[in-house]
Amino acid sequence: MMKNLLTSVILFTMISGSVIAQSIYFRAGTGYGLPIATASIGEIHSQTDVANVAGTTSTASTKGVNASYGSGPDLNFAFGYKLNENFIIDLNFQYLMGTKFKIGDTYNSTSGTYSYVNNNITTTSSKGLFFNPSIIFSAGFGKAAPYARFGLYAGSPTVTSERSSYYNGDGIDSTVYRGEYKKGIAFGFQGAVGMNWKLSEKLDLFTELNFISMTYYAGEFDVTKNISSNGSTVTDNLPTMSLSQKQIIYKKEYDPTKVNIDATKPTIALRQSTPFSSLSLQIGIRFSLWKLAE
């Protein structure tokens, strides 16, 4: 009797495993996100002066820069489980390579054979791996099946900020100062509508319009580069910086009478929100272990 019971259990496990396996799919794709729900990160100023015998002509412009660091190209991979013909559990992983945003000042002056430049530009961008569990409602699995996808979106990205200065007045001076905002959690929500286009019995193409609403709070800021140069002399300033100059720890609240009084300890500051929302178009391939319906 025990032998028959064991045989039955093994057969049941094999059948159940086969049924589960036939309900699994894998997909991979790529896309590009546009910034939405942006916040102001600064301004970009530019001015050019041209001097000649008739006088000096100046042109200048100032423009505000709004950013959301969830924008830019991405790569994604997911696997899912079909509950029935209409509902799917989808577990998506997405790697973001963020858009670069620039703020600062550029100044150019020319007069005959003389040229003068004074530029101070800060470039910021993001990168990170995000986890996106969601539920998909699909209107069937035919040759062209529309679907909607809703879920959570979370990750721990890094925002890099690099400030470059260049001055060629009395000699040439330049500096590069780079730091990273990291160790915080970005959390939000995701919604998408898309279409599956059948290519073969188990393969289809998906196209998707994806909306992500998310905010990031960095846990700390670390200076990773501080180099200055004056003509032929290049100086690495990072080793001479104190810890309070090289690292900032962000908190929800703190007692200002008990922190930021010791240069050998990190600077404490209030945390700030960074927008990570985007609207993206995604495209990719899905491979199903079940046969797609006609």
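Strands here are DSSP runs of E, at least two residues long, numbered from the N terminus. I am working from a predicted model.

I looked up Y95 and found it in strand β5. Y95 belongs to a nonpolar patch on the surface. I then asked which elements give two or more residues to the patch. They are β4 (72-82), β5 (87-97) and β7.

**Entry: aromatic pairs**

I searched the whole structure for aromatic pairs and got 12. I opened F130 and F276. Their ring centres are 6.3 Å apart and the planes meet at 50 degrees, so I logged the pair as tilted. The pair links distant parts of the chain, 146 residues apart. F130 sits in strand β7 (residues 114-138), and F276 in the loop between β17 (273-275) and β18 (278-288). F130 is buried, at a relative accessible area of 1%. F276 is buried too, with a value of 1%.

F276 has a further partner, Y216. Here the centres are 5.6 Å apart. The planes stand at 75 degrees, and over 60 counts as edge-to-face, so this pair takes that label. Y216 lies in strand β12 (residues 203-217), 60 residues from F276. I checked Y216 for burial: its relative accessibility is 0%, so it counts as buried.

Which residues form one aromatic cluster? I listed Y69, F101, F130, Y153, Y216 and F276.

**Entry: salt bridges**

Side chains of opposite charge can pair when their charged atoms come close. My search of the whole structure gave eight salt bridges.

I started with R27 and D90, whose side chains meet at 2.9 Å, N to O. R27 is in strand β1 (residues 24-35) and D90 is in strand β5, 63 residues apart. R27 has 6% relative accessibility, so it counts as buried. D90 is at 0% and is buried as well. Both R27 and D90 belong to a network of salt bridges that also links R149 and E208.

Next came R286 and D204, with a salt bridge of 2.8 Å, N to O. R286 lies in strand β18 and D204 in strand β12, so the pair ties together parts 82 residues apart in sequence. I found both R286 and D204 buried.

Last, I checked K258 and D255. Their closest N and O atoms are 4.0 Å apart. K258 is exposed, because its relative accessibility is 65%. D255 comes out as partly exposed, at 33%.

**Entry: charges over rings**

R286 came up again. Its charged end sits over the ring of Y25, 5.2 Å from the ring centre. I noted another case at Y177, where the charged end of R163 sits over the ring at 4.6 Å from its centre.

**Entry: β2 and β3**

How many bridges join strand β2 to strand β3? I read off 13. The strands, residues 39-52 and residues 55-67, run antiparallel. A hairpin joins β2 to β3 through two residues. I looked up G42 as one example: its bridge partner in β3 is V65.

Technical notes:
Residues are numbered from 1 along each chain as its sequence is written. This is a predicted model: local features need pLDDT of at least 70, side-chain atom pairs count only at pLDDT 80 or more; totals for chains, interfaces and linings use all residues. Side-chain values use heavy atoms; hydrogens and water are left out. Rings of Phe, Tyr and Trp (its six-membered ring) pair if their centres lie within 6.5 Å; planes under 30 degrees apart count as stacked, over 60 as edge-to-face and the rest as tilted. Helices (H or I, at least four residues) and strands (E, at least two) are DSSP runs, numbered from the N terminus. Buried means under 20% relative accessible area, exposed over 50%, partly exposed in between (1.4 Å probe, protein chains only). A charge sits over a ring if NZ of Lys or CZ of Arg is within 6 Å of the ring centre and within 35 degrees of the ring normal. Patches are made of residues with over 30% relative accessible area and no salt bridge: like charges are joined within 9 Å, nonpolar side chains (Val, Leu, Ile, Met, Phe, Trp, Tyr) within 5 Å. Accessible areas come from the Shrake-Rupley method with a 1.4 Å probe; for residues, only the protein chains shown count as cover. Two strands pair if DSSP finds at least two bridges between them.
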